[in-house]
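User: I would like to go through the terms used for this model and see what stands behind each of them. Please set each value against its definition.

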Amino acid sequence: MASPKHHHNKPSSTTKKKRRPLLLRRAMLHSCLCFLLGLLTGLAPSDWADAASRAANAQVFRAVRAINHTAALLQLKTRTTSTSYLQQQHQEDHHQLLVVTTTTGLSPERERRSAALTRTAHALRLVSPPVLWLVVEAAREAPPTATLLRRTGVVYRHLTYTDNFTSDAPERHHQRNVALGHIEQHRLRGVVFFAGLADVYDLRLLEQLRRIRTLGAWPVATVWEQERRVAIQGPLCSSSSGGAAASAAWFSSSSSSGAGGGFIRFTTRPTPPLTSDDSVHGFAFASDLLWDPARWDRFPTTEPDQSQDSIKFVQRLVMEDYNKTKPIPDYSNCSQVMVWRVDTTLLL
C-alpha cells in the first residue's frame, strides 16, 4: 500500500512578485515622510526649536513690563506729590498782593498826581506776580486816570464813586472803604497793602509782604525837605521762644537839623496810634479777615455800630492783636527801613 504523499505549499513566484512592490512603497512612504519632516524642520527651525524659549521670553517680558509699569506709577506718584508740594510752597510764598492807592486831590494837582501814579506803577511792574492794583478815585476825575492806567502794564481795577466831599481826610477814608468793600464783595484773596502816592519802596518789602498770614507791620520814614526833618515810626520787635520775631511795642522817632541845632526825640507805646490818617501805610493784612465771621464780635454792642466801616475794623484788629503782628522784614529785627514818604504834598 502506497504511503500518502505529503504536499508542502510553497509560495509561488507570483506571490513574491506582489509583496516586493508593497514593501517598496512602504519604504518609499517612510522615506518621503522623513524627507518632508526634515524639510519642514529645516524651513522653520526657529518656530519649532524656539517655541519653549519664546514662551519663557514672553513670560519674562510680561513680568518686566509689569515691573516697569509699577515703577512708572510709583515715579508718577512721587513726582505728583513733589509737584503738589512745590506748588503749595509756591502758592504760600506767592500770595497775591492787593495794592490799594487813594487819589484824593483837586484838579490843579492832577499833573503831580499823574506823575506819582506813574512812579507807583513802575515800582509795581518790578514785583513778581500776582499783583492787583486797586486805584480809587472820584468819578468826575476818572477819565484821565483811566487812560494812564491802561498804559502802565500793571493788572489794575479802577474803582470810582459819585459821593462829594469837602475835605481830603474824609474822602481818603471813604476811598479806602470802597477798596476794601470791593475786595470783600469779590472775595479777592491775598495781602492788602495801602500804597500812598508819596511813598517810595524797597522792592524787598513788597516781596516780604507775601509771607504775611494775618497781620504785618514795618518801619516808615517820613521826610520833610523844607523843614529838614525826618520822622520814623514802626514796630519794636522781641524774639519769641521759637526764635521768631514778634511785635512787642511801637516806637516813634523824629529828628531835626534846622538852623537852631538838631534834636532827636524817641518815644514808645504798647500799640500803634492808629487814629492818624496816614497810619495805615505801615500795615498789611490778609484779605480773608474782612469776611471772617468773628469780625462782627469785635465791636461791643455798647458802642455805635462800626462793623460796616472796614478801615476801623482793621485798625481795631491791629490794636487788639498787635502782639501777633509779623514784623517786616523779619530778618532785620525791625531795624531796617524799607518805605520812605518823601513827597509831602501828596501824603495820601
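Predicted model: local features only at pLDDT ≥ 70, side-chain atom pairs only at ≥ 80, totals over all residues.

User: What makes the buried residues of α5 line one face of the helix?

Analyst: Helices (H or I, at least four residues) and strands (E, at least two) are DSSP runs, numbered from the N terminus, and α5 covers residues 142–150. Buried means under 20% relative accessible area, exposed over 50% and partly exposed in between, with a 1.4 Å probe and protein chains only. The buried residues of α5 are Ala-142, Thr-145, Ala-146, Leu-148 and Leu-149. Seen down the axis of α5, these buried residues fall within an arc of 165°, so they line one face of the helix; the arc is that of the directions from the helix axis to the C-beta atoms. The face turned away from the buried side carries the exposed residues Pro-143 and Arg-150.

User: Why is β2 called largely enclosed by the rest of the structure?

Analyst: Because 8 of the 8 residues of β2 are buried, the strand is described as largely enclosed. Val-131, Trp-133, Val-135 and Glu-137 point one way from β2, Leu-132, Leu-134, Val-136 and Ala-138 point the other way, and all are buried.

User: How do you know that β2 and β3 pair?

Analyst: Two strands pair if DSSP finds at least two bridges between them, and β2 and β3 have 6 bridges in the parallel sense. In β3, Arg-157 is the bridge partner of Leu-134. From β2 the chain crosses through α5 to β3 in a right-handed β-α-β crossover, a term used if, with the strands pointing away from the viewer, the path from the first strand over the helix to the second runs clockwise.

User: What makes a set of residues a nonpolar core?

Analyst: A nonpolar core is a set of buried Ala, Val, Leu, Ile, Met, Phe, Trp, Tyr and Cys residues joined through side-chain atoms within 4.5 Å. The largest one has 29 residues, of which Leu-180, Ile-183, Val-192, Phe-194, Phe-285 and Leu-290 touch the most other members. Helix α8 gives the most to this core, with 5 residues.

Terms used. Residues numbered from 1 in each chain as written. Heavy atoms only, no water.
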